[in-house]
Amino acid sequence: MLLTGLALGIALGFTMQRGRFCVTGAFRDLWITGNTRWLTAFLIVVAVQSVGVFAMDAAGMITLAPRDFAWLATIIGAFVFGFAIVLAGGCATGTYYRAGEGLVGSWFALIFYALFAAMSKTGVFAPAVDGLRAVTVHASTIHGLLGLSPWILVAVLVTGVGLLARHHLARRPALPVAALPARKSGLAHLLFEKRWGAFSTALVIAVLAILAWPLSWATGRESGLGITGPSSALVNYLVGGDPQLIDWGVYLVVGILTGSFIAATGSGEFRVRLPDAVTTVRSIGGGALMGVGASLAGGCTIGNAMVDTATFGLQGWVSLVFMIIGTGAATRLFVTGPAKATAASLTPVRAGR
Amino acid sequence: MSQHVLETDGQVCPFPLVEAGAAIARLAPGDELVINFDCTQATDALPRWAAEQGYPVTNFERAGNAQWTITVRKT
C-alpha cells in the first residue's frame, strides 16, 4: 500500500513539470506584475479539493480531526517560508521537481531544506520549534470558529474561484500566445510536448490531491499531500537507518522527484544546469530557511497553503496569507529591488532580418 | 531596425522575464529582441508576456535539451 504513495508522487511530479506548476511563481507574480493567473490555478486546486475532502469526510472515508491552532509559530514560519522560496527559486514541491529537471541550484536547496526540516522537527532546533508551536488558541477551522457548516465555505470558495477562473478565461491577450513547433504526435505530443495550460494542470493536481487523502489514510498516515514531514523523515532514515520512518509521505516525495525526472527526460528538458555563485548561495540559504519556516508553520505551500486550506484550517489560511507577504518582501529585496542578481548580457547584432 | 541578443542561460525564473522586460524597454520600435533561456517555466511565461504586451513572436524554438530561444519584435 505504501507504493501508492510512490505512484501518486510520480503522477504529481510529472504533472507539475509538464504543467510548469509553480506556487512560488504564483505568489511572486502578485508582487511583480499583479497577475493572478497562476494564483487562480493554485486556488482551483484548493477549491476542487475542498469539495472532495468534505465529501469523503461526510462519507466516513476520512475523519477531519480538530487541533489547536499554533498561531504564533504559523505566522512566523509562514513568513520565513514565503521569503525563503524566492531565494531558493521554488517552494518545496517546486524544488523537488526542478531537482528532477537537473537544476543543481535546486539540488542544493533540496538538501538544505530537508536537512533543516529534520533539524527543526527532531534535531537541535526542535525544542525551540516545539516551544513556539505550544503557543496555541483553542480553535481549529474557519467554519468551527464561525459556527457554520463547512459546505457554506465550500460553496463560497468554489463560486469565488469559479468567477476568477472565468475572468481569466474570458481575457484574451493582445496576440495569440506563441507555441513551440511540434516534433511529436499523438499521446507523446500530449504528454511530452503540448502546453498543458495553468487551469487544466490545476484540475489534474486537484484530483491527485483528493486521491492522496484515502490512499495515505489506508496506510495509517492520516492526512493529505505533505512534503516537509516526509523530507525530514527521509533525512532521519538516511542517517539513522530506521526503516519505521519510511511512510506513505516518504514514497510520495521520492515519487515527485522521479516523476519530474521522467517528464523532463521524455520531453528533452533534462539537463544538468549549474547556477552561478550568487544563485548557489541563495539556493542554500533559501533551502535552509524553508526547512525552518515550514517546520514552524506546520507545513509548506502544499501541506498548509494547498491542503490544510481545503479543510478550511486556520493554520492553512493564515499560512497562505503570511507566505504571500513573505514572498512579497523577498521579491522587493531580491527581484525588483537593488539586490537583484543580474547576470544577463544584452548584445546588439548588426543587421536586422 | 536591429536585433539584440539577451543571454539568460543559467538564470532561474523570474529573471529571464524581468531581464526581458528591462531589455525591451531600451530598444526602438521595430527592433527585435532574441532571448536565450534555459528556465523551463519561461517557456510558459515569455510567450505569454509577449502576447499580452502585443509584441509579435517571430521565432520560438528549442535550441537543445532544456534550452530555448524566442525572438520578439518591439512595437
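Q: How are residues, chains and ligands numbered or lettered here?
A: This is a predicted model, in which local features need pLDDT of at least 70 and side-chain atom pairs count only at pLDDT 80 or more, while totals for chains, interfaces and linings use all residues. Residues are numbered from 1 along each chain as its sequence is written, chains are lettered from A and ligands numbered from 1 in the order in which they are written, and side-chain values use heavy atoms, with hydrogens and water left out.

Q: What does the secondary structure of chain B come to?
A: Helices (H or I, at least four residues) and strands (E, at least two) are DSSP runs, numbered from the N terminus. Chain B has 2 helices and 4 strands, and along the sequence they follow the pattern β-α-β-α-β-β.

Q: Why is chain B as compact as a globular protein of its length?
A: The radius of gyration is taken over C-alpha atoms, and the globule rule is 2.2 Å times the number of residues to the power 0.38. For chain B the radius of gyration is 11 Å, close to the 11 Å that the rule gives for 75 residues, so the chain is as compact as a globular protein of that length. Its C-alpha atoms fill a box of roughly 30 × 20 × 20 Å along the principal axes.

Q: Which residues lie closest to the centre of the largest pocket?
A: On a 1 Å grid over the protein atoms alone, a cavity is a set of points where a 1.4 Å probe fits but cannot get out, and a pocket is an open set with protein on both sides within 12 Å along at least five of seven lines; lining residues have an atom within 4 Å of a point. Grid points are joined across faces, edges and corners, and a volume is the space filled by probe spheres set on the points. The largest pocket has a volume of about 810 Å³, and of its 39 lining residues the closest to the centre are A:Arg67, A:Trp213, A:Glu222, A:Ser223 and A:Asp308.

Q: What is the volume of the second largest pocket, and which helix gives the most to its lining?
A: This pocket has a volume of about 550 Å³, and of its 27 lining residues A:Asp29, A:Thr33, B:Leu17, B:Ala45 and B:Trp49 are the closest to its centre. Helix 2 of chain B gives the most to the lining, with 8 residues.

Q: How many cavities of 30 Å³ or more are there?
A: The count comes to 2 cavities of 30 Å³ or more. The largest cavity has a volume of about 330 Å³ and is lined by 29 residues, with A:Thr279, B:Gly10, B:Gln11, B:Val12 and B:Phe15 nearest its centre. The second largest cavity has a volume of about 70 Å³, and among the residues closest to its centre are A:Arg98 and B:Val12.

Q: Is A:Thr228 buried or exposed?
A: Buried means under 20% relative accessible area, exposed over 50%, and partly exposed in between (1.4 Å probe, protein chains only). A:Thr228, which lies in helix 12 of chain A, is buried, with a relative accessible area of 4%.

Q: Which side chain does a polar contact join to that of A:Thr228?
A: A polar contact is a pair of N or O atoms within 3.5 Å; within protein, one must be able to donate a hydrogen and the other to accept it, and residues adjacent in sequence count only if both atoms are side-chain atoms. Here a polar contact of 2.7 Å joins the side chains of A:Thr228 and A:Tyr113.
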